[in-house]
Amino acid sequence: MTTRQDPGSHRTAGARPGTYLAVDLGASSGRVVVGRIDRGVLVTAEVERFPNGPVPVRAGERTVLHWDVLRLYDGILAGLRKAAREHGPITSVGIDSWAVDYGLLDADGALLGNPVHYRDPRTTGAPDQVFAHVPAERLYARTGLQIQPFNTVFQLAAAAGSAQLAAARRLLLVPDLLGYWLTGAEVVEVTNASTTGLVDPATRTWAPDIVAVVADAFGVPVAELMPPLVEPGTVVGTLALGDAPAGLEGTRLVAVGSHDTASAVAAVPAQHPNFAYISCGTWSLVGLELDDPVRTEQSRAANFTNELGLDGTVRYLRNIMGLWLLQESLRTWAAQDGADPDLAGLLAAAEDVPALRCVIDVDDPTFLPPGDMPARIAEAAGRTGQPVPTSRGEVVRCILDSLALAYRRAAREAAQLAGHDIGVVHVVGGGARNDLLCRLTADAIGLPVLAGPAEGTAMGNLLTQAAAMGEIDGGLESIRRIVAASSQPRRYDPAGPSEPWAQAAHRLAAQTVS
């Protein structure tokens, strides 16, 4: 497995102003966003949006959750063609998505079934199976990755011995699979690869000893399955669609921060060197941007992860369940009502609920699967002797208070473990639009919060392409300068005493221990 590590090796100096497309895939939808830089400001527009979500499919004696990756690809193609008609010619395209999930190709380059969804329970018990061959302490010391049951290394262990894996010749993470269909290039981008549990974050290469353990213990030939790694900013190839419409001839595919959080963190409009970030969407990722990974035993015990970022950086963070709890609650209520709930009304009702009346551990595995989230929240409250949320406003307030507490803990522990002071917290992603959550986060952490841009992932994706094509220079510094000029983050200063948050954190910690 060879690795190309020079992120500037394919940049085109002196390029003319370009038109760039970000393919941004989330858990519930995908979209194609067009962007141009106009006098130092990034101007964007959504071209196409299409649905996404888990699809349950019977496989023998059980039902497996899959991603409908062919539907996603069809949505991408529709977006590319529409963008070419309305905004062409298109200079380049970049793809970002969630992490860890993959597709397998056979010897003919054909897909061996839709990728399995990370929320599928097939990995139950898989971490312990891996730890029997490589202790958790050693795995963390090599990869620096937070132990999550859906990490790719555990998915591979769970799939060991399957007919599908036996027939596989190549493994591609979801953004790279889609890029392969667009160009024929077989690569894996390194920010997303760093979530597999198979990469050394210090060298930004595959970890050969961990790869060998998976091969020897589970019969999974990782070294043969994995293609070369590429850095963000690498021009992977040229779109080869066969029937490419006018406007897509010569369009390049650029490897961006294909893990959506990597692109979101690249778009943090940081002016302060000691900043923390919260990439707030279905998942919330709370952490710091560092030059080197932190792989101490204390860091492992605190379940922090070292994922890779642009320009040789490390995203030192903790994954938190995030707005998934609110999203699943909304889905439950929509099914009950036969119509989408009024989110603004629910947030207003939540604001009237007394603060910190009921708090839960948002990372309890009970909350991971899809389903009736309000019922599970009520059960958790009753189990821990707290007032059970009965109204929808109380459920929403419980979720937001609990998220703010989780952010408080993660930010403080990251600073302590990394020896890194924090002066300001940036919130990017969809959660930046949630005024109540941002205010609660400032109060909980006790630091100013700067919220925005909400479209950070798409902006980071587009500006990485612009840097790769030579339109901007200076890497992250230049990207963030343009983001700052293109957005107006809202500032939230801490208000009120900190003691209620400290008491709630103590109460929650006692629940977790018990």
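Reader: What should I know about the model before I start?

Author: The model is predicted, so to speak of local features we ask for pLDDT of at least 70, and side-chain atom pairs count only at pLDDT 80 or more, while totals for chains, interfaces and linings use all residues. Residues are numbered from 1 along each chain as its sequence is written, and side-chain values use heavy atoms, with hydrogens and water left out.

Reader: Thanks! How many aromatic pairs are there, and how is such a pair described?

Author: In general, a pair of aromatic rings is described by the distance of the centres and the angle of the planes. Rings of Phe, Tyr and Trp (its six-membered ring) pair if their centres lie within 6.5 Å; planes under 30 degrees apart are stacked, over 60 edge-to-face, and the rest tilted. Here that rule gives eight aromatic pairs. In one of them, Trp67 and Tyr118 sit 6.2 Å apart, centre to centre, with 45° between the planes, which makes the pair tilted.

Reader: Where in the chain do Trp67 and Tyr118 lie?

Author: Trp67 is in strand β5 (residues 62–67), and Tyr118 is in the loop between β7 (102–105) and α2 (126–131), so the pair links distant parts of the chain, 51 residues apart. Helices (H or I, at least four residues) and strands (E, at least two) are DSSP runs, numbered from the N terminus.

Reader: Are Trp67 and Tyr118 buried or exposed?

Author: Buried means under 20% relative accessible area, exposed means over 50%, and partly exposed lies in between (1.4 Å probe, protein chains only). Trp67 counts as buried because its relative accessibility is 1%, and Tyr118 counts as buried too, at 7%. Both belong to one aromatic cluster, together with Trp98, Phe150 and Trp283.

Reader: Which charged residue lies over the face of Trp324?

Author: A charge sits over a ring if NZ of Lys or CZ of Arg is within 6 Å of the ring centre and within 35 degrees of the ring normal. In this model Arg119 lies over the face of Trp324, 3.6 Å from the ring centre.

Reader: Now the backbone. Which peptide bonds are cis, and which residues have a positive phi?

Author: Most residues other than glycine have a negative phi, and most peptide bonds are trans. Here a cis peptide bond joins Gly88 and Pro89, with omega about 0°, and Pro89 is in the loop between α1 (69–87) and β6 (92–96). Another cis bond joins Gly452 and Pro453, with omega about 5°; Pro453 is in the loop between β20 (449–451) and α17 (456–468).

As for phi, Val100 has a positive value of about 70° although it is not a glycine. Val100 lies in the loop between β6 and β7 and is buried, with a relative accessible area of 5%. Arg204 also has a positive phi, near 60°. Arg204 is in the loop between β10 (199–200) and β11 (205–206) and counts as buried at 7% relative accessibility.

Reader: What does His87 touch?

Author: Contact means heavy atoms within 4.5 Å. Leaving aside neighbours within four places in sequence, His87 is in contact with Thr19, Val34, Arg36 and Val47. His87 is in helix α1 and is buried, at 18% relative accessibility.

Reader: How many cavities are there, and what lines the largest cavity?

Author: On a 1 Å grid over the protein atoms alone, a cavity is a set of points where a 1.4 Å probe fits but cannot get out, and a pocket is an open set with protein on both sides within 12 Å along at least five of seven lines; lining residues have an atom within 4 Å of a point. Grid points are joined across faces, edges and corners, and a volume is the space filled by probe spheres set on the points.

The structure holds four cavities of 30 Å³ or more, and the largest has about 120 Å³ of space. Its lining has 15 residues, with Pro175, Asp176, Val236, Leu253 and Ala255 nearest the centre. The largest share of that lining, four residues, comes from α6.

Reader: And what is the volume of the second largest pocket?

Author: The second largest pocket has a volume of about 1,000 Å³. Of its 39 lining residues, Asp361, Val362, Asp363, Asp364 and Pro365 are the closest to its centre.
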